[in-house]
Amino acid sequence: MEAGDTELKKELDATLHARRELGEEYESALVDSFLEKVEQRVDDAVDRRVRRRLAEQQTIVARGARAPGSGDSWGERFGFGVISLILAIPLSAIGATQAGMSGLFVTWAGIVGVNTVQALRSRPHFGKRREKSSDWEE
């Protein structure tokens, strides 16, 4: 078990203990607090991965192997989709808790938007005009 996992388990235990002592009226605040800690942990992990990936790409470019973003693998796209769905769960809960159905719709519109941009980014020729191959084409 990773040190971060142990720390997160301790946080969950503390939150559950506090909920038992404080009662149901503080349950929403305790859950929100714990979700913020989980979200921060996920953000930190994503930041580390992004920095590592950027460093790898810069090393590859410095060596002259290939340009960054010249080919997204299926695994990268799949991983992005999985991570966005995992993050959708706490974000949906927060959005629905704070603003009701409109908050839930805004949250999912953002998730769909981010995934759409990612999908379009991986298609380098999407949206570009095709050059004519002969004078007969319009």
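Reader: Which residues of α2 are buried?
Author: In this predicted model, a residue counts as buried when its relative accessible area is under 20%. Within α2, the residues that are buried are Leu-30, Asp-32, Phe-34, Leu-35, Ala-45 and Gln-57.

Reader: Is Val-46 buried, partly exposed or exposed?
Author: Val-46 lies in helix α2, and its relative accessible area is 27%. Because buried means under 20% and exposed means over 50%, with partly exposed in between, the class that applies to Val-46 is partly exposed.

Reader: How far apart in space are Val-46 and Ile-83, C-alpha to C-alpha?
Author: Along the sequence, Val-46 and Ile-83 are 37 residues apart. Ile-83 is one of the α3 residues that make the contact with α2, and the C-alpha to C-alpha separation of Val-46 and Ile-83 is 9.5 Å.

Reader: What span should helix α2 have, and what is the distance between its end C-alpha atoms?
Author: Helix α2 covers residues 27-63, which is 37 residues, and at 1.5 Å a residue it should span 54 Å. The distance between its end C-alpha atoms agrees with that expectation, at 54 Å.

Reader: Which residue follows α2, and what is its phi?
Author: The residue that follows α2 is Gly-64. The phi of Gly-64 is positive, near 80°.

Reader: Are α2 and α3 roughly parallel or roughly antiparallel to each other?
Author: Two packed helices are described by the angle between their axes and the distance between the axes. The axes of α2 and α3, the latter being residues 74-121, come within 11 Å and cross at roughly 155°. Since angles over 145 degrees count as roughly antiparallel, the two helices α2 and α3 are therefore roughly antiparallel.

Reader: How many nonpolar, polar and charged residues does the contact of α2 with α3 have?
Author: The crossing of α2 and α3 is left-handed. On the α2 side the contact includes Leu-35, Val-42 and Arg-49, and on the α3 side it includes Leu-87, Pro-90 and Ile-94. By class, this contact of α2 with α3 has seven nonpolar, three polar and five charged residues.

Reader: What percentage of the 138 residues in the protein chain is buried?
Author: The protein chain has three helices and zero strands, and its elements run α-α-α from the N terminus on. Of its 138 residues, the buried share is 13%.

Definitions and conventions
Residues numbered from 1 in each chain as written. Predicted model: local features only at pLDDT ≥ 70, side-chain atom pairs only at ≥ 80, totals over all residues. Heavy atoms only, no water. Helix = DSSP H or I, 4+ residues; strand = E, 2+ residues; numbered from the N terminus. Expected span 1.5 Å × (residues − 1). Buried < 20%, exposed > 50% of the residue type's maximum accessible area, 1.4 Å probe, protein only. Axes fitted to C-alpha atoms, helices over the stretch in contact; angles between N-to-C directions. Parallel < 35°, antiparallel > 145°, perpendicular 65-115°, else oblique. Left-handed = near helix turned anticlockwise from the far one by under 90°. Contact = heavy atoms within 4.5 Å. Nonpolar A, V, L, I, M, F, W, Y, C, P; charged D, E, K, R; others polar.
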